[in-house]
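Visitor: Could you walk me through this structure, one feature at a time?

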Amino acid sequence: MNNQTKRVLALLEMFSKGEIVIIENLMNHPLWYGLSEKTIRRDLDIIKSNLSQSFECVRTTKGAYKAVTNSLLENFVDNKMLSLLVIAYNIAKKNSLFSSLDLSKDDKYILENKIKESSKCYEFINKAIENGKLNLDILKSIEFAIKHAHKITLKYNANSEKIVVYTNPYKIIFINENFYLVTFADDIFSVFRLLNIEEIAVSKDTFHKNYEVLDFIKTMQTPFAKFSPNFKENLIDVKIVVFAQKARYFKAKKFFNSQVIEKENDDGSVIVSYKFTQTLEVKSFLLSWIEDIKILEPASLKDEMKENLLNSLANFK
């Protein structure tokens, strides 16, 4: 075994233990003592070029390296997970959420730069959380209150009107590219956009969570979902025909979790059904496809949409 082989094996052992290899320190190691920095970099290059299937050396700071085990990444990150990581990174970076991760400075640097490489493949045209940053202190207080079931008092900016609410926090949800806090107290179900929460105070008082509310939150499709006891029995069936020229979009993508392709017609059109808690949840969506669909049911939604369109046309006179 020649000296270079010994040095490379020593490097692999350091990397496998999760150690950070600093070139300056290696120059005082018995295996590298008296050798040049260029020689040490050549040893690292052997790992980079010949063992790239197992290890990937990642530069942390100047002259310091750490190895990421590719087999571990491949087992953990499939195509779907990679897409989620890209989205999560975009959200976290926008809102400085990485600052709260319990990771070393070097590990955060590696994680951030590894995921940032996705910019070679992805470009976010519609940015998640387009305006403003989440207040991390408020976010942490909400997380604590939810986890330990503490009541909260929050000051909320509702259309420039300041309101104060004493309520029970249930979940933070991410829907329609925004974060919301879902609360329920005194039979009132509310959804507050996190960016509009200006202050929060966590009470010493606790509450018992309503499991029907928790079940409902899992089924939410829009921020306009309306909770009611036995909500599953009170859902509204919405059915539309999507004309042939746009049918492929509905066959390729579920715009809402409840979407079902009921029938594919001979003319290429499709009949699509949904279930909502109230028609308000779907109206803006239907308007965005109004030239390509026909509303079949409920009749009340069809009439309401027709009236809204006629009223809108009056603005163009």
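**Reading salt bridges and surfaces**

Guide: Lys283 counts as buried because its relative accessibility is 17%, where buried means under 20% relative accessible area, exposed over 50% and partly exposed in between (1.4 Å probe, protein chains only). This is a predicted model, in which local features need pLDDT of at least 70 and side-chain atom pairs count only at pLDDT 80 or more, while totals for chains, interfaces and linings use all residues. Residues are numbered from 1 along each chain as its sequence is written, and side-chain values use heavy atoms, leaving out hydrogens and water.

Visitor: Which residue forms a salt bridge with Lys283?

Guide: Side chains of opposite charge can pair when their charged atoms come close. Here the partner is Glu304, with the closest N and O atoms 2.9 Å apart; a salt bridge needs a side-chain nitrogen of Lys or Arg within 4 Å of a carboxyl oxygen of Asp or Glu. Lys283 lies in helix H10 (residues 283-288) and Glu304 in helix H11, so the pair ties together parts that are 21 residues apart in sequence. Helices (H or I, at least four residues) and strands (E, at least two) are DSSP runs, numbered from the N terminus. Glu304 is partly exposed, at 30% relative accessibility.

Visitor: How many salt bridges are there in the whole structure?

Guide: A search finds 10. One of them joins the side chains of Arg7 and Asp43, at 2.7 Å from N to O. Arg7 belongs to helix H1 (residues 3-16) and Asp43 to helix H3 (residues 37-50), so this pair links parts 36 residues apart in sequence. Arg7 is buried at 9% relative accessibility, and Asp43 is buried at 0%.

Visitor: What separates Lys140 and Glu143 in helix H7?

Guide: About one helical turn, because they are 3 residues apart in that helix (residues 136-148). Lys140 is partly exposed at 43% relative accessibility, as is Glu143 at 35%.

Visitor: Now to the strands. How do S7 and S8 run?

Guide: Two strands pair if DSSP finds at least two bridges between them. Strand S7 (residues 178-185) and strand S8 (residues 188-193) run antiparallel, joined by 6 bridges. Phe184 has Phe189 in S8 as its bridge partner. The hairpin has 2 residues between the strands, and Asp186 takes a positive phi near 55° there.
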